[in-house]
Every structure is written in structure tokens, then in C-alpha cells.
Amino acid sequence: MIDRYSLEGMAHLWSAQNKFDTYLKVEKAIVQAWHALGIIDAQSCQKIQKVGFDLKRVYEIEQTTKHDLIAFINAVCENLGEEKRFFHYGITSSDCIDTALALILKESLEIILKDLQELLGVLKTRALEFKDTPIIGRSHGIHGEPMSFGLVWALWFEEMRRHVKSLEGVLEEIGVGMVSGAMGNMAHIPLELEEKTCAILGLKPALITNQVISRDRHAKVINALAVLASSCEKIAINVRHYQRTEVYEAEEYFSVGQKGSSAMPHKRNPVLSENITGLCRVIREVMPLPC
């Protein structure tokens with residue numbers, strides 16, 4: 001079983017299999033909502049709740065349809081009988097796709113927030129541990145007045161605390177679903193269908209949509225993560241500075257048996273901080289630019 005809070009858990013969330021699994025979760029919730037409204041009979045609802053699909057079959061059908069969601073619907077309906085007429089009933093592609101994306105983003109942010117809470121604990125512990133440890137202060141890279149090393153950690157703690165608050169707000173913004181029909185005008189479905197579906201999925205109904213959930217919500221997620229990455233990069237750059245041979249005030253963990261160079265065995269390179277720096281720059285590159 002995949003631990004949802006592990007790296008494998010995050011990778012699984014964004015896998016093709018989980019994307020279509022989440023589509024199915026949304027479609028089944030819509031069927032349950034229709035049943036609660038008295039439109040779909042209990043037997044049909046139960047059969048649809050048990051149905052599955054084969055990912056390879058989805059890809060096979062997509063070669064013809066050139067539309068991944070239609071291919072997914074067809075692949076699922078191949079495993080249903082007469083009740084298939086109620087699968088994807090009354091809704092449009094984006095009702096399924098955007099609601100599923102909200103679920104995946106919500107779970108992803110929950111993983112990140114859990115990691116940040118752990119990081120806050122470490123930063124607080126270190127800030128208190130080093131509150132009486134003096135280091136030389138620098139501005140513009142030049143020696144200034146002495147300062148507390150704990151102050152450095154306290155600054156990082158407070159910055160990350162702000163990121164937690166920001167991401168909690170973003171989590172609230174992104175945690176919305178949509179079941180509003182072809183143009184978002186509820187022409188073929190009752191308002192209650194969206195309310196009941198979102199309640200089943202643990203989402204809030206988006207107050208107003210058209211064909212899609214408004215993309216400013218997704219932009220806020222990307223922007224919040226990019227700003228978080230900037231702070232992580234700043235910390236990593238500081239660690240790399242502290243570990244420089246001519247500074248050597250602190251260093252990142254170097255495990256037993258770890259090597260820094262094939263030619264120079266004395267080297268203890270800050271490889272973790274270097275990796276963090278590079279990855280954070282990749283994240284910042286995808287931040288949407290203002291119009």
C-alpha cells in the first residue's frame with residue numbers, strides 16, 4: 001500500500017492511473033448523487049459503484065476518439081450492462097476533469113503542508129538550540145556585527161510559518177468541485193446534484209463556473225508553491241555558503257560512506273543543498289507571469 005505522505009505517494013497522485021481512478025471516483029459520486037435525488041435506481045447505482053477499467057484499454061480507445069475522457073467513459077461502460085446509460089449522465093467533461101483535479105491538488109497540498117509542519121518543528125528546535133551560538137553577521141557578503149546563529153533559524157521558521165498560512169488559504173481556494181453541465185448553466189441538471197456530489201467527495205461547490213472551474217484558483221496554487229520554492233532555495237544557498245571551505249561555519253549531513261569526489265577524497269560537497277537549489281529554480285520557472 002502506498003503511503004500518501006511519501007515521495008512515492010506524491011508521484012502516485014500525479015500518475016496516469018490515479019488521474020483516471022480519480023475520474024472514476026468523481027463519476028461514481030455523481031451517480032450516487034443522482035440516486036439520492038431519485039433519478040437512478042438502487043441496482044444501477046450499486047453496479048456502477050463496483051465497476052472498474054483497464055488503463056491500457058483507455059489508451060487503445062483514445063487512438064480512435066482522440067479524447068481521453070471519452071475513451072475513459074467507453075472503457076468503463078464496456079464493463080457495464082444497461083446501467084451504463086447512467087454513467088456520465090447529464091454532465092460534461094470538465095465536470096469530471098476539473099473536480100478530479102481539485103481532489104488531486106487537495107491531496108498534494110495536504111502532503112506538502114504535513115512536510116512543512118515537520119520542517120517547522122525542526123527549525124524551531126534548531127533556533128532554540130543555537131540561540132546563544134554566536135556567528136559573524138554579513139551583509140553584501142561582508143562581515144558586519146556578530147549575531148546569534150539561532151536568529152538565522154528563527155528567520156527561516158517565521159518565513160515557513162507564513163508559507164503554511166498561505167498554502168492553507170490556497171487549499172481552501174482549490175478545494176471546490178463543479179457539476180454544472182455543458183456550459184456551466186445547469187440547463188440539464190438540478191443545483192442539488194452539484195451540492196450532493198461535492199459533499200460525497202469532501203469538496204465545496206464552486207459558487208459560479210462556466211465550462212470550467214476558473215483558472216485563477218490553479219494559478220494561486222502554482223504561485224504559492226513557487227514562492228515557497230524561493231524560500232527553500234534561499235535556505236539551501238545559505239547552507240552552501242556556510243559549508244564553503246573558507247567559511248565552514250556549518251554543513252549539511254554527510255552520511256557514513258558518502259563520497260564527494262572520485263578524485264579528491266577530502267571533499268564533502270553540499271549535494272543535498274545543490275539539488276534543492278536546482279529543483280527550486282525549476283519550480284519558479286513555471287510561475288505564471290502577470291498579464
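**Stops on the tour**

Begin by selecting tyrosine 248, which lies in the loop between helix H9 (216-243) and helix H10 (271-285); helices are DSSP runs of H or I with at least four residues, as strands are runs of E with at least two, numbered from the N terminus. The model is predicted, so local features need pLDDT of at least 70 and side-chain atom pairs count only at pLDDT 80 or more, while totals for chains, interfaces and linings use all residues. Residues are numbered from 1 along each chain as its sequence is written, and side-chain values use heavy atoms, with hydrogens and water left out.

Tyrosine 248 has a phi near 45°, a positive value in a residue other than glycine. Its relative accessibility is 47%, so tyrosine 248 counts as partly exposed (buried means under 20% relative accessible area, exposed over 50%, partly exposed in between, with a 1.4 Å probe and protein chains only).

Next, select histidine 88, in the loop between helix H5 (68-77) and helix H6 (93-129). Here too phi is positive in a residue other than glycine, near 65°. Histidine 88 counts as buried because its relative accessibility is 16%. Show its side chain together with that of glutamate 27: a polar contact of 2.7 Å joins them (a pair of N or O atoms within 3.5 Å; within protein, one must be able to donate a hydrogen and the other to accept it, and residues adjacent in sequence count only if both atoms are side-chain atoms).

Finally, select cysteine 280, which is buried because its relative accessibility is 6%. Its sulfur is 4.9 Å from the closest cysteine sulfur, in cysteine 232, too far for a bond.

Terms used: Disulfide = S-S within 2.5 Å.
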